[in-house]
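I opened this notebook to keep a record of what I looked up, entry by entry.

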Amino acid sequence: METRIAVIAIVVEDNECTAALNAVLHEYGNYIIGRMGIPYRKRDISLISVMIDAPSDVISALTGKLGNINGLTVKTAYSKA
């Protein structure tokens, strides 16, 4: 199956949801290329970027699960190739 590269941007506004966030990311760990998280203490939020190489339906499933977690905002950017 053909895969795509994508970057998933996550804004964590409620730290209580981090366990659910990490559980979902762990579930899709085989597809994750890398992850970077930056706490922004001035605003009491965290910014996370997740780079992934997966089939489009897997990326959609992952972002859908993340989007259902209260306290997160999720957006995805796909590569053209």
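For the entries below I take contact to mean heavy atoms within 4.5 Å. The model is predicted, so I note that local features need pLDDT of at least 70 and side-chain atom pairs count only at pLDDT 80 or more, whereas totals for chains, interfaces and linings use all residues. Residues are numbered from 1 along each chain as its sequence is written, and side-chain values use heavy atoms, with hydrogens and water left out. Helices (H or I, at least four residues) and strands (E, at least two) are DSSP runs, numbered from the N terminus.

I began with Ser49, which is found in strand β3, and asked what it touches beyond its neighbours within four places in sequence. With those neighbours left aside, I found Ser49 in contact with Val7, Ile8, Gly34, Arg35 and Met36. Ser49 has a relative accessible area of 17% and is therefore buried, where buried means under 20% relative accessible area, exposed over 50%, and partly exposed in between (1.4 Å probe, protein chains only).

I then turned to Ser46, which lies in strand β3 and counts as buried because its relative accessibility is 19%. Leaving aside its neighbours within four places in sequence, I listed Ile10, Val11, Val12, Asn15, Ile38, Pro39 and Tyr40 as the contacts of Ser46.

**Entry: the sheet**

In what order do the four strands stand in the open sheet? I read the order as β2-β3-β1-β4, with antiparallel pairing, taking two strands as paired if DSSP finds at least two bridges between them. Because β2 (32-40) and β4 stand at the edges with a single partner strand each, one side of each has no neighbour in the sheet. From one strand to the next, the twist averages 15°.

For the individual pairs, I noted that β2 and β3 are antiparallel over eight bridges, with Met36 opposite Ser49 in β3 and Gly34 opposite Met51 in β3. β1 and β3 also run antiparallel and are joined by nine bridges, and here Ile5 stands opposite Asp53 in β3.

**Entry: the hairpin loop**

The hairpin of β2 and β3 has four residues between the strands, and I looked at Asp44, which lies in the loop between them. Its phi is near 55°, a positive value in a residue other than glycine. Asp44 is exposed, because its relative accessible area is 53%.

**Entry: helix α1**

In α1, I found Leu21, Val24 and Leu25 buried. Seen down the axis of α1, the buried residues fall within an arc of 100°, so they line one face of the helix; the arc is that of the directions from the helix axis to the C-beta atoms. On the other side of α1, Ala19 and His26 are exposed. I recorded β1, β2, β3, α2 and β4 as what the buried residues of α1 pack against.

**Entry: helix α2**

I checked the length of α2 (residues 56-67): at 1.5 Å a residue its 12 residues should span 16 Å, and its end C-alpha atoms are 16 Å apart, which agrees. The expected span is 1.5 Å times one less than the number of residues. Which residues of α2 are buried? I found Val58, Ile59, Leu62, Thr63 and Leu66, and, seen down the axis of α2, its buried residues fall within an arc of 125°, so they line one face of the helix. Their cover includes β1 (4-12), α1 (18-27), β3 (45-54) and β4 (72-78).

**Entry: the core**

A nonpolar core is a set of buried Ala, Val, Leu, Ile, Met, Phe, Trp, Tyr and Cys residues joined through side-chain atoms within 4.5 Å. The largest one here has 20 residues, of which Ile8, Ile10, Leu21, Leu62, Leu66 and Leu72 touch the most other members. The elements giving two or more residues to this core are β1, α1, β3, α2 and β4. Not counting residues up to four places away in sequence, I found that Leu62 touches Ile8, Val24, Leu25, Tyr28 and Ile52.

Conventions:
Axes are lines fitted to C-alpha atoms, for helices over the stretch in contact, and angles run from 0 to 180 degrees between N-to-C directions.
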